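Please look through the structure shown below before reading on. The paragraphs after it go from the overall fold to individual side chains.

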Amino acid sequence: YMKGSGLTLNLKYLLFIFLLISLQSCGYNLRESPSFLSNKNIAVISDSNSLNRLFIEELRKANNNVLIYKKEAINDLDLIININNHQTKRFSSGQGAGARTLEVRIDYNLDFSLENPMTSDKTYHKIKDVKYLAYDDSQILAMETEEKDTNIDFIQLAIKKIEILSSTFKE
């Protein structure tokens, strides 16, 4: 009788593991915790290039109260993000026969400062990241889409780091 119940327990355990793997593989995850940046008035001061516009677009997904290029109404601001240098660089990192590029390395660099207008605290930060992408001459359009997706991934990671950094400011 004990062997039968042990088999049932193992079967339940295996079914539970299978269920977890199934949910994970379809992209299911628990909701993220509420963002520290939500309901904050944020000003972003930067050049108007495509990477900075993408940064602001992604930041607005976490917070609707984002002002662009403005430092006005300072009394109402909770955070100022001043982007000094924001860029990606592409390098050929792997070559095959005939010196053809097989892999591209994308370097991400964000130099910025965070300022709390209430206390005039200002801190300077750098975020760097690297990603390698497979490269195929015959799929240039797919490569451009993959590079844009990579830029979004870089920016989302940077926003999470900025959220952590800004949470250390005293009110």
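What follows is an account of the fold, the core, the charged pairs and the surface.

This is a predicted model, in which local features need pLDDT of at least 70 and side-chain atom pairs count only at pLDDT 80 or more, whereas totals for chains, interfaces and linings use all residues. Residues are numbered from 1 along each chain as its sequence is written, and side-chain values use heavy atoms, with hydrogens and water left out.

The protein chain has 3 helices and 5 strands, where helices (H or I, at least four residues) and strands (E, at least two) are DSSP runs numbered from the N terminus. Read from the N terminus, these elements follow the order α-β-α-β-β-β-β-α. Of the 171 residues, 30% count as buried, a term that stands for under 20% relative accessible area, with exposed meaning over 50% and partly exposed the range in between (1.4 Å probe, protein chains only). Among contacts (heavy atoms within 4.5 Å) between residues at least 6 apart in sequence, 64% join residues at least 24 apart.

The largest nonpolar core contains 29 residues, and those with the most contacts inside it are Val44, Phe55, Leu59, Ile81, Tyr108 and Leu110; such a core is a set of buried Ala, Val, Leu, Ile, Met, Phe, Trp, Tyr and Cys residues joined through side-chain atoms within 4.5 Å. At least two residues of this core come from each of β1 (42–45), α2 (50–62), β3 (79–95), β4 (101–116), β5 (121–134) and α3 (140–166), and α3 gives the most, with 7 residues. Leaving out residues up to four places away in sequence, Phe55 touches Val44, Ile83, His86, Leu110, Ile155, Ile159 and Ile162.

How many aromatic pairs does the rule give? The count comes to 1 aromatic pair, the rule being that rings of Phe, Tyr and Trp (its six-membered ring) pair if their centres lie within 6.5 Å, with planes under 30 degrees apart counted as stacked, over 60 as edge-to-face and the rest as tilted. Tyr108 and Phe154 form this stacked pair, at 4.9 Å centre to centre and 20° between the planes, and the pair links strand β4 to helix α3 across 46 residues. Tyr108 counts as buried because its relative accessibility is 2%, and Phe154 likewise counts as buried, at 5%.

A search of the whole structure finds 4 salt bridges, each a side-chain nitrogen of Lys or Arg within 4 Å of a carboxyl oxygen of Asp or Glu. In one of them, Glu147 of helix α3 pairs with Arg90, the closest N and O atoms being 3.1 Å apart, and this pair links distant parts of the chain, since Arg90 lies in strand β3, 57 residues apart from Glu147. Glu147 is buried at 14%, whereas Arg90, at 44%, is partly exposed. Apart from neighbours within four places in sequence, Glu147 is in contact with Arg90, Ile106 and Leu133. Another salt bridge joins Glu58 and Lys61, with closest N and O atoms 3.0 Å apart; both residues lie in helix α2, 3 residues apart, about one turn of the helix. Here Glu58 is buried at 6%, while Lys61 is exposed at 61%.

Away from these pairs, Ser120 is found in the loop between β4 and β5, has a phi near 60°, a positive value in a residue other than glycine, and counts as exposed at 56% relative accessibility. Ile21, in helix α1 (residues 2–25), is also exposed, with a relative accessible area of 53%.
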